Each structure stands twice: as structure tokens, then as C-alpha cells.
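Subject: Structure handover

Hello,

Please find the structure below. My notes on it follow after that.

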Amino acid sequence: MNNLRQTLERLCRLGLDRHLARLNRGIEKESLRVDEHGTLAHTPHPRALGSALTHPTITTDYSEALLEFITPTHTSIDALLQDLFDIHHFTYQNLDREKLWVNSMPCIVRGAEHIPIARYGASNIARMKEVYRRGLSLRYGSLMQTIAGVHFNFSMPEAFWSEFLDSDDEAAIRDRKSVSYFGLIRNFHRHSWLICYLFGASPAVCKTFLQGREHLLDDFDSHSFYAPFATSLRLSNLGYNSDAQAGIDINYNSVEGFVRSLRRAIRMPHPEYRRFGVKVGGAYRQLNANLLQIENEFYSVIRPKRIALSGESPTHALQQRGVQYVEVRSIDLNPFVPVGIDADCIRFLDMLLLYCLFSGSPDISRTEWECAAENRRRAVMNGRRAGLELCEHPKPTGKPKQKVRPRSLAERARRLLDDIAPLAELLEQVTGQAYLSSLSAQAAKAEDASLTPSAQILRQMSQQRASFFEFAMGTAEQHEARFKQARMKRSDHQKMQAEAKRSHVRQKEIEARDRMTFDDFLADYFRRQNQV
């Protein structure tokens, strides 16, 4: 906390607090397409939305039915959310009778064999994306490909760093900026349980999703399972989790350590994946039989990011040019909000990420990492249980180790939110935005678990005597009506139509440029990755 106060005092003394009004933010939001009955859509990606391979804002994630909306970078929260709303609005104009599912967890899924893998065209890069997803399906199951979430991209303005670091040496700024962002990432891991508690919104799931799978959930009704105190089943072992990846020891203490440990996992053969085979009967089942096919396969609640050049791997981009921004990946879709995330959530993410950036962040050991992961698991499955304790990792003091008293989630949340308060005051002063109100709303959740989205969902299901499907479908219909009733400027609509058409042209150009066989293309790709 002292480090934070000292940093904030320095920012204000040097006039650097003005940069807090220009924070860079972007959103990647996934939404599952369902038919009018709420069943997973089996139709191709709508052509009117453009090419999923080349469109800059509307694409697909792992499944053909899982849309992904990508906003440009914004410094204004209002502009960011308006952009996201416009993308939804344009999409709804081209969905016919389909709608967007509003929850992170899907509902009516007629078995794994009925989940379509995303398609991207006839080019080599398109085929690589499809084979990668086929490998994910083999390794983790197709059901994971129907789970949706929100990714939040965040960075400080570039102009901030040279002033904050008092340097005009580009290489030094690049390296020290990366050090700072990795400090943020380590602290975020330490505190990531709080995001699960405050914004987790997937406490229940359709029984069709778990048909034939082992689980420890309770019956909510004849159609729904739930965990009474859960916040985010999406982040549990039912969702984005992997036993194979649990043993990957990723180093978050430096760019070099991160890249080295991630590449080790990419190059490490995995016995179970070998049994699947890579190319069987002339058809690729996965890109390779290693622990990770490519870097993106590694699941994490937060990632260091750098926009890669064409043909460049994410780790090479990081190694050569440093961290550009961080991507927070632990946010559930908020079904009560038409676009899945609201301004209060974004403002709190601003505060937490700045707190993580400006507070002290010692290197994280394997035991502390395991403690942080355990706290996430506790918050995910039992976050709203009264008196739930989180594990404590002793801070290095140079003194003999002493037993650390576990504290409750509520107590930890209160102390952390109190520590963030000076940031809220400064941000509100600099931006005129309601950061104190956002912090107050989160503090209320810390005191009263019934105010969390996960509790509100279960309460509405109980009050309406509705299954998870009925709750989600009814909410989806309400949001659908709002988007269809909304009006967009004709010029904006025409721009989006033109962008969709241009994306199809770009896809054709990529396909026309291909000269290699897919075998050669894949071999060349991995040869280049292994050279660095």
C-alpha cells in the first residue's frame, strides 16, 4: 500500500496523473448463436457479417456458432460501449430468426458431435485455424467450444511511459515497460479471485451441457444444475480448465522467463495427445502432439500481449518488442446487460489493474502461484459461502517462517477495496467519471453476497420458478428486442456493410496468394517458430 501511495503522490507531483484520463481499453466479447428454440445454431457464419478470417471486428472463436466481437481501442468508456452496442446491433440485423445467447454457459446442446468447428475458407492459414480447433476438440472436448466470455484489453498511454520512466531511450523504455506490465500480471494473479466473486455470472447450467459427464453440482430443477455458492462455473473444471495444463510451470517474473517457459510447453510431447495422432488417413487431427499446439492454447486469466506481425508468433513479438498491453480473460458475460459488460465493471477493472501496476509486485514462486490458483477455485465454486476462507501465502521477510492466519474472502475483499480507494478518488478527480460509485458498488457486494450477479441469477430463477434455460432465453429475447428496436445512423450501417464486403475480398486475396501445400505451410510455420 505504501508503494501505491508513493507512486500516486509522484504522479500528481509531476503532473502525470493527466495520463489516467487516456487509458487504452478494448473488448473482445463472445456470444453464442442459437436458433429460435434456444438450441445451438448449426448454420454457417452469416455471410452478411463478413469473413470470419479477415473482418476486424466480427469473427468467430472456437465454434462456427460462437461469434466474437472485437472493438477498436478506445480511451472513452462511453465510446467503447457504444462501439460494442453498434456491433451487436448490426449483427442482429443479419441474424434472421437466430439470437445471441446472453450467458457464458450454453444451454441446449445436442451432444458434442453437433458442435460445429469454425470454418475460415480455403487458404492455408484458414486450414491451420480449423485444424487447431479440431485439436482443441480432441484434447478438451467440444463442449468447451460453446462457452463464452469477455476479454478486456488494457494499457497505459504510450506517452505516459517516457515521462514516468524519465527516459527517451526507446530500448530502455520498452524493457522497463515490460517489467512493469509483468508486475501488474503477477499482482492480478494474486487478486484474481476478487473478479470471480464480484463479476462471476455463471452459477448454473443446463443439464444437457453435462449429459454423460461426472460433476459435483446439485439439482436446481429437472432441467438445471447449479452450485449453491458458485460464482463462475465457466472458470471451474467444467469450463476453461485443463488437467494437462495444470502442470505447466509458466514463469511470470520476466519476458524472457515467460517466453522460455511457454515455448518449453509448446515443444514438449504429450503421451495422450500422441495417441490421437497428428495426420491420420491423410487428414490432420491436430497441429502437433505437444502439450500446447501453439501459444494461444495456454489458458490463463490474464496474458501479456503484443500485436504480432504477419506470420509472427506471439512469443516472438513479445521477445522482440516487449509487452504492449494486457488481456484480462476471467470475466463472465453479464446477462443483465445487453452487451455483456457495463461501465461499472470497466471502471473497476481500470482501478484494479492500475492498483496491480502501481503496487509493489515481488516475483511469484510456485507455491504462491498455487495459492493464487487455489483461491480462484474457492471463489469460483464457493465464493458466496459465508465465512469462506482464502489461503494466505507468507510474505518474504527474511525472518523464520511463521504460520499465516487464513482470512475470509469478505475480509480480504474489504481490505483490498480499501487499498484501492485512493486510486478511485484520483481517477474520479482526473476523469470526472463515477469511479467512487463503482468502488462503492463492489464494496456493497463484499458485504452482501446477494448483490453479486451470480446470486441475482439464482434469485431470479427461484422467484420466476424458471430453469436456467427459461431465465437465459427470456433475457436473450429482451435484449434481442432492444437491439432490433434500436436505430443506427444510415452512414454507420453502410460503413459496416462495406467493411463486411471488403473482408470477403481480403479472404479471396489470401487464398489466391497461397503457393505452398498445407504440409509445407505447416512445416514452415513451426520451423520459423523454432528458430527464435
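Predicted model: local features only at pLDDT ≥ 70, side-chain atom pairs only at ≥ 80, totals over all residues.

Residues are numbered from 1 along each chain as its sequence is written, and side-chain values use heavy atoms, with hydrogens and water left out.

Aromatic rings

There are 21 aromatic pairs in the structure. Rings of Phe, Tyr and Trp (its six-membered ring) pair if their centres lie within 6.5 Å; planes under 30 degrees apart count as stacked, over 60 as edge-to-face and the rest as tilted. Tyr 273 and Phe 276 are a stacked pair, because their ring centres are 6.1 Å apart and their planes are at 20°. Both residues belong to helix α8 (residues 271–276), where they are 3 residues apart, about one turn of the helix. Helices are DSSP runs of H or I with at least four residues, strands are runs of E with at least two, and both are numbered from the N terminus. Tyr 273 has 2% relative accessibility and counts as buried; buried means under 20% relative accessible area, exposed over 50%, and partly exposed in between (1.4 Å probe, protein chains only). One aromatic cluster is formed by Phe 160, Trp 161, Phe 164, Tyr 181 and Phe 358.

Charges over rings

The charged end of Lys 129 sits over the ring of Tyr 120, 4.8 Å from the ring centre. The criterion is NZ of Lys or CZ of Arg within 6 Å of the ring centre and within 35 degrees of the ring normal.

Helix α9

In α9 (residues 314–321), the buried residues are Thr 315, His 316, Ala 317 and Leu 318. These pack against α7 (255–267) and β11 (302–305), with contact meaning heavy atoms within 4.5 Å.

Regards
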